[in-house]
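Subject: Structure handover

Hello,

My notes come after it.

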Amino acid sequence: MADTTLDTDVVIAGAGPTGLMLACELRLAGVDVVVAERLAQRSGESRAGGIHSRTLEVLDQRGILDRFLDEGELQPVGHFSGLYLDFDESESRHPYPLMILQSAIERLLEEWAVELGVRVRRSCEVSGIRQDETGVAVELATEQGPATLRARYLVGCDGGRSTVRKLAGIDFPGTEATMTALIGDVELPDLPEDYVWVRRTAVGDYSAIAFEPGWHRVITSEFDRVDGRDEPVTFERLRESLVRVAGTDFGMRNPRWVSRFNDAARQAAQYRRGRVLLAGDAAHIHFPAGGQGLNMGVQDAVNLGWKLASVVGGRAPEALLDSYHTERHPVAERVLHNTRAQSALVRPGPQTDALREVFSALMVFDDVNQYLRHLLTALDIRYPIDGDHPLVGRRVPDADLKSSDGESYVFALLHDARPVLLDLCGSPEVAAVVAEGWADRVEVVEARSEDERWPVPAIGEIPAPAALLIRPDGHVAWAAACDRRPDTAALRTALTTWFGPAARK
């Protein structure tokens, strides 16, 4: 590694939703990115089938939400282990899940990535890494033979069996699988018209979800068998499993694809080792209850992207990257915990039946429903950021705004993935602090809130703030209340912590 010539700033292993979202975040900040994907083309598999509120908000923050809304269908209900949840329209501009296939999500993200100038190299798999104090050499296996890319950083977004994680020597502790589920997109000509989307039996459970006309997503779960990791998955095995669980195959035919998952739950002991970082399934795997995995991966990418871009661009110290683990590791830990609970709630047997009955009765209480809803949507996430204001650490509410440029909303200020100081009360002292040394990194916006009170998930309504420092990921780094003088010293600290020291004049 004597040669210090860089081929790119960042190499991302994996062109799934997490890797593509991260690549787009980096390109918005001007970082050169190469995505190395081992597959020659998108597989067409769509294990995930939905986007929750917080991820819809993230897409809105970047100005690309309509692309996804045009191809999906909003659903006014969700579930916790098959038990229905209600959603609260006051908590988000996008309160309902969007049903959309993962294959469509990947296609739309890749189209955006290409527009932004991301280079996606297919049939290209990471086979080795060598780090030093200035960068990382990424060895690649390609159709043309071995190759090496040198970059400042490597991010593994290469799935639950992540090669990058293994090469970096990062432990992946957790719990082993206790069941097996098979999944595939098939035709089901004999499915009854009044079919309820999930059924539990004495053997396990099964579901058939119509994502597209004529096609159903079939999932069977059997709790008395655990397949080996390398055991082949075939259409015939899916058919046999459906017969065992449902008593019939409903005329199953013409599979597009079949796959398998289980309830193994593991999490990387550290999300960063030197110049290697992990995101998405490479950092955490779990039972896919409630459709949280893809959403968490995209949110990992949005948390990491602006931080990595700031470090690569020399605007912030490398220590900023440590906050990625500090903030996102507990989020995945919570998801692993709730998916283990959901896995337990679907096991067949009279004890679980009784537990589900009790649990279902509790879910009619608003507080219980809200708690479970927040587990799935991640709207209540609060990162450990210093500050007394209730918004600090939380995602900023998408309030309606009015300024000299006309009417807008908060998320529209984040389309360029830049930090924003939003002054809502005409406080010249806060803008003056930014002008002292952060004007090249932080955009100052003066506006007025259309609402005197803002709804905040898990808290309720609070008075509209006087000013906010909003990170590119939409989380609040500093806030001032209207009934007191802004703490400009705390603002300087927040600016330095998240966006680097003041520029020299």
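The notes below cover a pocket, a helix, a sheet and a hairpin.

This is a predicted model: local features need pLDDT of at least 70, side-chain atom pairs count only at pLDDT 80 or more, and totals for chains, interfaces and linings use all residues. Residues are numbered from 1 along each chain as its sequence is written, and side-chain values use heavy atoms, with hydrogens and water left out.

**Pocket**

The second largest pocket has a volume of about 570 Å³. A pocket here is an open set of points on a 1 Å grid over the protein atoms alone, where a 1.4 Å probe fits, with protein on both sides within 12 Å along at least five of seven lines. Volume is the space filled by probe spheres set on the points, which are joined across faces, edges and corners. Its lining has 28 residues, counted when an atom lies within 4 Å of a point. Gly387, Asp388, His389, Trp478 and Ala479 lie nearest the centre. By class, 18 lining residues are nonpolar, four polar and six charged. Nonpolar covers Ala, Val, Leu, Ile, Met, Phe, Trp, Tyr, Cys and Pro; charged covers Asp, Glu, Lys and Arg; the others, Gly among them, are polar.

β29 (460-463), β31 (476-480) and α12 (488-499) each supply at least two lining residues. α12 gives the largest share, five. Elements are DSSP runs numbered from the N terminus: helices are H or I, at least four residues, and strands are E, at least two.

**Helix α8**

α8 (residues 322-345) has 24 residues and should span 34 Å at 1.5 Å a residue; its end C-alpha atoms are 36 Å apart, which agrees. The expected span is 1.5 Å times one less than the number of residues. α8 bends by about 25° at Arg328, with Pro330 following within four residues. The bend is the angle between axes fitted to the seven residues ending there and the seven starting there.

**Sheet**

Six strands form an open, mixed sheet, ordered β8-β2-β1-β12-β21-β20. The edge strands, β8 (119-121) and β20 (272-273), each pair on one side only. Pairing takes at least two DSSP bridges. β20 and β21 (residues 276-278) pair antiparallel over two bridges.

**Hairpin**

β28 and β29 pair antiparallel over four bridges. Pro455 has Glu461 in β29 as its bridge partner. Three residues separate the strands, and Ala458 takes a positive phi near 75°.

Glu452 sits in the loop between β27 (448-449) and β28. Glu452 counts as exposed because its relative accessibility is 73% (buried is under 20%, exposed over 50%, partly exposed in between; 1.4 Å probe, protein chains only).

Regards
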